[in-house]
Amino acid sequence: MDNPNQKKKNITVVGLGKIGLTLATVFANNDFNVYGVDINEEIVNSVNAGKSHVKNEPGLQELLEIAYKSGTLTATSNTEKAVSQSEIILVIVPLIIDDENNIDYHFIDLAVENIARGIKKGTLVIFETTLPTGDTRNRFGRRIEEISGLTMGEDFHLAYSPERVYSNRIIEDLRNYPKVIGGLDQLSLEMASSFYTQALNCSLVKVSSLETAEFSKVAECIYRDVNIALANELAKYADQKNVVITEVIKASNSQPFSNIHFPGVGVGGHCIPIYPYFFINRGLQTGLVQLSREVNDKMSEYAIEIIEREISSLQQKNVLILGLAFRENVKETTKSSTLMLINHLKKKQANIFLNDPLFSDEEIKSYKVTPLSLDEEDVSKIDIIILQAFHKQYKKLDFSIFTNCKILLDGRNALSKNLIEQLGFRYKGIGN
């Protein structure tokens, strides 16, 4: 980890997931020396070989190759050593929730403790992980103080700037989205602002405190969750009134103050189904936030009810789910609606088949369902299809191969009802 370019600032990026690795490569291509830290040795070895473990992220592999050849990005599992050689530390370690929706700090606490053992005076620490309001100062700043013996605001500086990017377009979003920044004090704010101006060349939104910046990220996600829940409630009511919700949304949103979101079979991913609990678990336990979570989590059950109204029983029916991923074109399963669909279908004693072009058969089998290739003869035995993630590969899918299919549930309102019904299927959408 010797630094051949002493004039460049050294940055440690702690956490080399899809966002952390992308940030590290962008920084390494913008005149910084970067140490990327991860506890997974396979990721460390991959990065040090110039190979991205993150797939389907446009431009990432190319940037990584440039950084690899120029020697501006080095990966390591030794957090303490990397931190000791850096002026800026950026933390992007995931914060997750357990099955009871309680926050699990295990990984980020470990990372912060290792940072504290290596930190030197004058260092700027920036958290990008989405956090409950107050954690940057009260949990992590205090912990660094306890272990290092340094004082925040005097011996080291502290800022919070939440990641706001979207999978499959992270590099583009880093350029186009304003960076929200809050600091422990004015000096921390200005140091972080100067860094992001150089590192990302994006516009900045400077806010008055660490807590304001933390709150803003969770609020963004809750806004989407609440509005998706509204769309889902409207879609269910549209079903009752025999109205097509997609037509309603197009008409309503022609008014500039209306921005109705789109309904679906559920809400998945690392953000929207998780971050509302950062408020709910800290006192915001009634009202729209809690209700929206309940509405959106029940949409997979509602999808099964739609099917049962058409065929009465799912027992021993062969059901094919298209898409294991939580959304289209992303190989990620966190909180995927498919996992809820599988649970409901098992209770109904259906035979569950699953296709997702982004996952191997072994990966699909780990969810205790049967993988099904769309070029197999077995497609002819499928009775019911549920479209859950509308991957680009499905846009050209010839549904006529499903010769015995009786009903298609379009969980994303993505397909043509007329084309599906021409094949003799019954088409059902969400509010459609």
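The model is predicted. The protein chain has a mean pLDDT of 96, and 98% of its residues reach 70 or more. Where pLDDT is low, the predicted coordinates should not be read in detail.

Helix α12 covers residues 288–297, and its buried residues are V289, S292, R293, V295 and N296. Viewed down the axis of α12, the buried residues fall within an arc of 165°, so they line one face of the helix. What lies over them? The cover of the buried residues of α12 includes α9 (210–241), α11 (277–280) and α13 (299–311).

Helix α13 also holds S300. S300 has a relative accessible area of 1%; the cut-off for buried is under 20%, so S300 counts as buried. Leaving out residues up to four places away in sequence, S300 touches V265, S337, M340, L341 and H344.

With residues up to four places away in sequence left out, F32 touches K8, K9, I11, F27, T72, F195, Q198 and A199. From F32 to A49 the separation is 17 residues in sequence and 19 Å in space, C-alpha to C-alpha.

Next come two backbone angles. Most residues other than glycine have a negative phi. N101 is not a glycine, yet has a positive phi of about 65°. N101 belongs to the loop between β5 (96–97) and β6 (103–104). N201, also not a glycine, has a positive phi of about 55°. The loop that contains N201 runs between α8 (186–200) and β10 (204–206). Is N201 buried or exposed? The relative accessibility of N201 is 63%, and the cut-off for exposed is over 50%, so N201 counts as exposed.

The remaining topic is empty space. Rolling a probe the size of a water molecule over the atoms shows where such space is left. How many cavities of 30 Å³ or more are there? The count comes to 1 cavity. The largest cavity has a volume of about 70 Å³. Two or more residues of the lining of the largest cavity come from each of the elements α1 (18–28) and α7 (170–176). The lining consists of I19, L23, E128, P162, E163, R164, V165, D173, L174, Y177, P178 and K179. By class, the lining of the largest cavity has 7 nonpolar and 5 charged residues, and no polar ones.

The second largest pocket has a volume of about 290 Å³. It is lined by 14 residues, of which D239, N242, K428, G429 and N432 are the closest to its centre. Helices α9 and α13, part of the cover of the buried residues of α12, each supply at least two residues of the lining of this pocket, as does β16 (426–429). The lining of the second largest pocket divides into 5 nonpolar, 4 polar and 5 charged residues.

Conventions: Residues are numbered from 1 along each chain as its sequence is written. This is a predicted model: local features need pLDDT of at least 70, side-chain atom pairs count only at pLDDT 80 or more; totals for chains, interfaces and linings use all residues. Side-chain values use heavy atoms; hydrogens and water are left out. pLDDT is the predictor's confidence in each residue, from 0 to 100. Buried means under 20% relative accessible area, exposed over 50%, partly exposed in between (1.4 Å probe, protein chains only). Helices (H or I, at least four residues) and strands (E, at least two) are DSSP runs, numbered from the N terminus. The arc is that of the directions from the helix axis to the C-beta atoms. Contact means heavy atoms within 4.5 Å. On a 1 Å grid over the protein atoms alone, a cavity is a set of points where a 1.4 Å probe fits but cannot get out, and a pocket is an open set with protein on both sides within 12 Å along at least five of seven lines; lining residues have an atom within 4 Å of a point. Grid points are joined across faces, edges and corners, and a volume is the space filled by probe spheres set on the points. Ala, Val, Leu, Ile, Met, Phe, Trp, Tyr, Cys and Pro count as nonpolar, Asp, Glu, Lys and Arg as charged, and the others, Gly among them, as polar.
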